[in-house]
Amino acid sequence: MPKAWVVRELGTPDKLHFEDVEPSPMSDDLVRIRVRAAAVNFFDLLQIGGTYQVKPELPFILGAEVGGDVEAAPPGSGLSAGDRVFALVSQDGLHRGGYAEVTHAEPGDVRKIPDGMSYEAAAAFFINYQTGWFGLHRRAMLQPGEVVLVHGGAGGVGTAAIQLAKAAGARVIATAGSDAKVAVCREMGADLAINYKNEDFVAAVKEATDGKGADVIYDPVGGDVFDRSTKCVAFEGRIIVLGFTSGRVPAIATNHVLIKNYSIVGLHWGLYRQRAPQLIPECTKALFALYAAGKIRPHVGRQAPLADAVTVLEEVASRKTTGKAVLTVERA
Ligand SMILES: NC(=O)c1ccc[n+]([C@@H]2O[C@H](COP(=O)([O-])OP(=O)(O)OC[C@H]3O[C@@H](n4cnc5c(N)ncnc54)[C@H](OP(=O)(O)O)[C@@H]3O)[C@@H](O)[C@H]2O)c1
């Protein structure tokens, strides 16, 4: 019987259960996927802890995106058994969720994997790049030649944002918390990468921009990083609020927003799926074109068998991974 990681109680990764889960009978409206690679996202940790904005009913299978092979698909979906696909999956009971050998997804959330892309890269391709594209283009209206500052630059969303900003013709400055992570930011294309543990990023950004600051700041970290970012945002700059890996949701001094003429822009990509789903295919098309042109490449910094999910989640929680971590399933 296929196995899956099930959240039965909220808490920490060690509370997860690796269980046999009977796939539900094939329904007329879902695609069944034999998972080959499941992405690990930082928000999986929040979901295990019950602190994420999306709170599935217990018990549920963890994991939001996979790469794999179609086992069965509804007629008219354009998909058929054997197709190599990547998919966004909801955490809904014990038949959906990505940390599993078999999962199910809505046909509209399933795409064929482009030629040459591995299952692991495909599992890492959906959320981080969609988030980066919506953040930089739709929310911050990034223009070629602008300066983008990417925090958490060596992380999952950070590595994607560096590549997307470079592909859009921006000059990219990235921050990270170790020399090894700074090297990853450079590999992703950052023009300047700062180890913020050794160097004040505010001073470094000002120096690199002749005192003007960054036009767009991509912030998945929050806390002090957000507070300090307001000191190096440019005139008419935009700070994109994406998440709070630091653990602190910062308060905003609106007088400061006024006196410096900058904007704070929120982004919850998942809400586009509900409120403006017609925009997602346009983004996917743009991302496929960038992939085909060799301008974006998911950085899979950690790969391990599905059975090792707890270890990998603990590594993500303790900032040991770079790029996206992916759990793999051998073909039976
Ligand atoms: N808004 C959206 O639509 C959206 C979509 C996807 C993800 N997100 C959010 O984006 C954030 C980043 O996700 P991710 O998958 O890129 O995570 P990740 O790969 O784990 O990277 C997060 C980075 O945050 C930095 N960080 C700073 N303080 C930290 C702390 N106390 N604990 C852990 N990391 C810390 C780390 O960089 P250093 O070690 O270099 O400091 C780490 O590399 C999460 O909050 C996630 O929920 C938001």
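User: How much of the chain counts as buried?

Analyst: Of its 332 residues, 48% count as buried. A residue is called buried if 20 or more other C-beta atoms, placed from the backbone, lie within 10 Å of its own, exposed if 12 or fewer do, and partly exposed in between. The model is a predicted one, in which local features need pLDDT of at least 70 and side-chain atom pairs count only at pLDDT 80 or more, while totals for chains, interfaces and linings use all residues. Residue numbers start from 1 along each chain as its sequence is written.

User: Why is Thr-245 called buried?

Analyst: Thr-245 has 24 other C-beta atoms within 10 Å, so it is buried. Its place is in the loop between β13 (233-241) and α8 (254-260); helices are DSSP runs of H or I with at least four residues, strands are runs of E with at least two, and both are numbered from the N terminus. Leaving aside neighbours within four places in sequence, Thr-245 is in contact with Phe-42, Gly-152, Pro-220 and Val-221, a contact being two C-beta atoms, placed from the backbone, within 7 Å. The C-alpha atoms of Thr-245 and Phe-43 are separated by 9.1 Å, although these two residues are 202 apart along the chain.

User: What makes Met-141 and Asp-210 exposed rather than buried?

Analyst: Met-141 has 12 C-beta neighbours inside 10 Å and therefore counts as exposed. Asp-210 has 7 other C-beta atoms within 10 Å, so Asp-210 is exposed as well. Met-141 is found in the loop between α3 and β9 (147-150), and its phi, near 45°, is positive in a residue other than glycine. Asp-210 is in the loop between α6 (201-208) and β12 (214-219), with a positive phi near 50°, again in a residue other than glycine.

User: How do you know that the buried residues of α5 line one face of the helix?

Analyst: In helix α5 (residues 179-188), the buried residues are Lys-181, Val-182, Val-184, Cys-185 and Met-188. Seen down the axis of α5, they fall within an arc of 155°, so they line one face; the arc is that of the directions from the helix axis to the C-beta atoms. Those buried residues pack against α4, β10 (171-176) and β11 (192-195). The face turned away from the buried side carries the exposed residues Asp-179 and Ala-180. After α5 comes Gly-189, whose phi is positive, near 120°.

User: Why is the ligand said to lie between domain 1 and domain 2?

Analyst: Domain 1 (3-125 + 298-328) and domain 2 (127-270) both give residues to the shell around the ligand, so it lies between them. The bounds come from an automatic or database domain assignment. The centres of the two domains, taken over C-alpha atoms, are separated by 28 Å. Each domain, 1 and 2, puts 12 residues into the contact.

User: What makes the peptide bond from Leu-58 to Pro-59 stand out by its omega?

Analyst: This bond is cis, with omega near -10°. Pro-59 lies in the loop between α1 and β4 (60-61).
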